[in-house]
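Some notes on this model follow, as numbered points. Please read them with the structure open.

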Amino acid sequence: MRSEEIEIRTGGDETVRDITRECERFLGDADARDGLLHVFVPHATAGLAVIETGAGSDTDLLRQLRELLPADDRWGHRHGSPGHGRDHVLPALISPSLSVPVLGGRMALGTWQSVCLVDTNGDNASRKVRLSLLPG
């Protein structure tokens, strides 16, 4: 297995950050053929999604997360910025890991699919993401 940890700058705002290029670069550097790309974010307040970006779906996802997980004082987990407890619930809804088939060295994503880091935690401006290639 080949594995690498990368750093993704997310800034201070909630975001859906497309990391597909970083995944493709990793596969190229690994001289990948067939197998599985496993992506994992080792943080208690972020997740990963395969979603269309650039056409409004990423914005829609963040809006729905704001409705589902409001940043207010209802949360028992209270350190950090107001409403930060919601960020700790996020990985139960948006998984911190995902796997993508790799065929012929390329991710077998659909036409409009991208691998994205979902981060609602404005207290953390940088995230680590673990990329692992499990050869077939």
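1. V102 has M107, in β6, as its bridge partner. The model is a predicted one, and this pairing should be read with that in mind. The strands involved are β5 (residues 97–103) and β6, which pair in the antiparallel sense over 2 bridges.

2. Which strand order does the open sheet have? Its 5 strands run β1-β8-β3-β5-β6, with antiparallel pairing. At the edges are β1 and β6 (106–107), each of which pairs on one side only. As a general point, the strands of a sheet pair through backbone hydrogen bonds, in either a parallel or an antiparallel way.

3. Helix α1 packs on this sheet. The strands that α1 touches are β1, β3, β5, β6 and β8 (126–135). The direction of α1 makes about 150° with that of β1.

4. The loop between α1 (20–29) and β3 (35–40) contains D31. D31 is not a glycine, yet its phi is positive, at about 50°. For comparison, most residues other than glycine have a negative phi.

5. Is M1 buried or exposed? M1 lies in the segment before β1 (2–9) and is exposed, because its relative accessible area is 70%, where exposed means over 50%. Together with L36 and L134, M1 forms a nonpolar patch on the surface. The accessible area of M1, L36 and L134 together is about 300 Å².

Notes
Residues are numbered from 1 along each chain as its sequence is written. This is a predicted model: local features need pLDDT of at least 70, side-chain atom pairs count only at pLDDT 80 or more; totals for chains, interfaces and linings use all residues. Side-chain values use heavy atoms; hydrogens and water are left out. Helices (H or I, at least four residues) and strands (E, at least two) are DSSP runs, numbered from the N terminus. Patches are made of residues with over 30% relative accessible area and no salt bridge: like charges are joined within 9 Å, nonpolar side chains (Val, Leu, Ile, Met, Phe, Trp, Tyr) within 5 Å. Accessible areas come from the Shrake-Rupley method with a 1.4 Å probe; for residues, only the protein chains shown count as cover. A salt bridge is a side-chain nitrogen of Lys or Arg within 4 Å of a carboxyl oxygen of Asp or Glu. Buried means under 20% relative accessible area, exposed over 50%, partly exposed in between (1.4 Å probe, protein chains only). Two strands pair if DSSP finds at least two bridges between them. Contact means heavy atoms within 4.5 Å. Axes are lines fitted to C-alpha atoms, for helices over the stretch in contact, and angles run from 0 to 180 degrees between N-to-C directions.
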